[in-house]
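Thanks for coming. I will talk through one structure, and you can follow along on the screen.

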Amino acid sequence: MKLNIAAFASHGGSNLQAIIDGIKKGQLDGQIKVVISNNSDSFALIRAARENIPHFHISAYTHEKVDEKILELMHMYDINIIVLAGYMKKLPDKVIDEYRNHILNIHPALLPGFGGKGMYGLNVHRAVIEAKEEYTGVTVHLVNENYDEGDILHQIKVKVMKDDTPESLAARVLTEEHKIYLETLKMISTGKIMLK
Ligand code: GRF
């Protein structure tokens, strides 16, 4: 199945870039049709512009009905999969409902551990180090109405080193995120992972 991807991102968009690069190298049968950010300063929007990918800033300040605007774009670009790549806003329920089981998120830890409200960015890695975990990792999962609770599609482990700081751990985990997101999308497009 060819993936028509809508990517949502709020900040740097390095995961978005990894997917763009993978598609360019022919590693994934898919296309990023549109990039959406709730943050007008997001570097993800610049990455999209550089690649000539249609991109939109959509937030409660710019649009009265965020859910309707998002769904309009999803239909316009014939989207069959939504990829959240560091998207810090909760997707509107209407969007989750219409695209149920076709929305992916990436989390920088081994869910169900170290997930839920407040568990984002360096908070996650700080908590992992404080808990003296031997391993952390990356999880790609489906998105439902509750933070970090959808079915897990793919997970890999990353060793926590003795002298890791939240920053050093985040950097090592991020490198793995770039690989696993592309790999998961590939498994979906080749039918190794079947979405309901
Ligand atoms: C990643 O660590 C991801 O797991 C989390 O947000 C971060 C986004 O990084 N959801 P980037 O914007 O893709 O560089």
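First, the ground rules. This is a predicted model, in which local features need pLDDT of at least 70 and side-chain atom pairs count only at pLDDT 80 or more, while totals for chains, interfaces and linings use all residues. Residues are numbered from 1 along each chain as its sequence is written, and side-chain values use heavy atoms, with hydrogens and water left out.

Start with helix H1, residues 14–24. Helices (H or I, at least four residues) and strands (E, at least two) are DSSP runs, numbered from the N terminus. H1 is mostly covered, with eight of its 11 residues buried. Buried here means under 20% relative accessible area, with a 1.4 Å probe and protein chains only; exposed is over 50%, and partly exposed is in between. The buried ones are Asn15, Leu16, Gln17, Ala18, Ile19, Ile20, Gly22 and Ile23. They pack against E1, strand E2 (30–37), helix H2 (43–50), E4, E5 and H6; contact means heavy atoms within 4.5 Å. Just after H1, glycine 26 has a positive phi of about 80 degrees.

Asn15 also takes us to the ligand. Around the ligand are Gly12, Gly13, Ser14, Asn15, Gly86, Ile106, Pro108 and Glu177, where the cut-off is a heavy atom within 4 Å. Some polar contacts, meaning pairs of N or O atoms within 3.5 Å, can be listed. (Within protein, one atom must be able to donate a hydrogen and the other to accept it, and residues adjacent in sequence count only if both atoms are side-chain atoms.) Glycine 13 places a backbone N or O atom 2.7 Å from a ligand oxygen. For asparagine 15, a backbone N or O atom is 2.8 Å from an oxygen of the ligand. Glutamate 177 uses an N or O atom of its side chain, 2.6 Å from a ligand oxygen.

Next, rings. How many aromatic pairs does a search of the whole structure find? One. Rings of Phe, Tyr and Trp (its six-membered ring) pair if their centres lie within 6.5 Å; planes under 30 degrees apart count as stacked, over 60 as edge-to-face and the rest as tilted. Phenylalanine 8 and tyrosine 87 are edge-to-face, 5.2 Å centre to centre with 75 degrees between the planes. Phenylalanine 8 is in strand E1 (residues 3–8) and tyrosine 87 is in the loop between strand E4 (81–84) and helix H4 (93–98), so the pair ties together parts 79 residues apart in sequence. Both residues are buried.

Leucine 91 is in the loop between E4 and H4 and is buried at 4% relative accessible area. Leaving out residues up to four places away in sequence, leucine 91 touches Phe8, Ile82, Leu84, Ile96 and Ile103.

Now helix H5, residues 122–130, where Val124, His125, Ala127 and Val128 are buried. Those four cover an arc of only 160 degrees around the axis, which puts them on the same side of H5; the arc is taken from the directions from the helix axis to the C-beta atoms. Their cover includes strand E5 (103–107), strand E6 (135–142) and helix H6 (166–189).

Last, histidine 107 lies in strand E5. Histidine 107 counts as buried, at 3% relative accessibility. Its contacts beyond four places in sequence include Val124 and Asp148.
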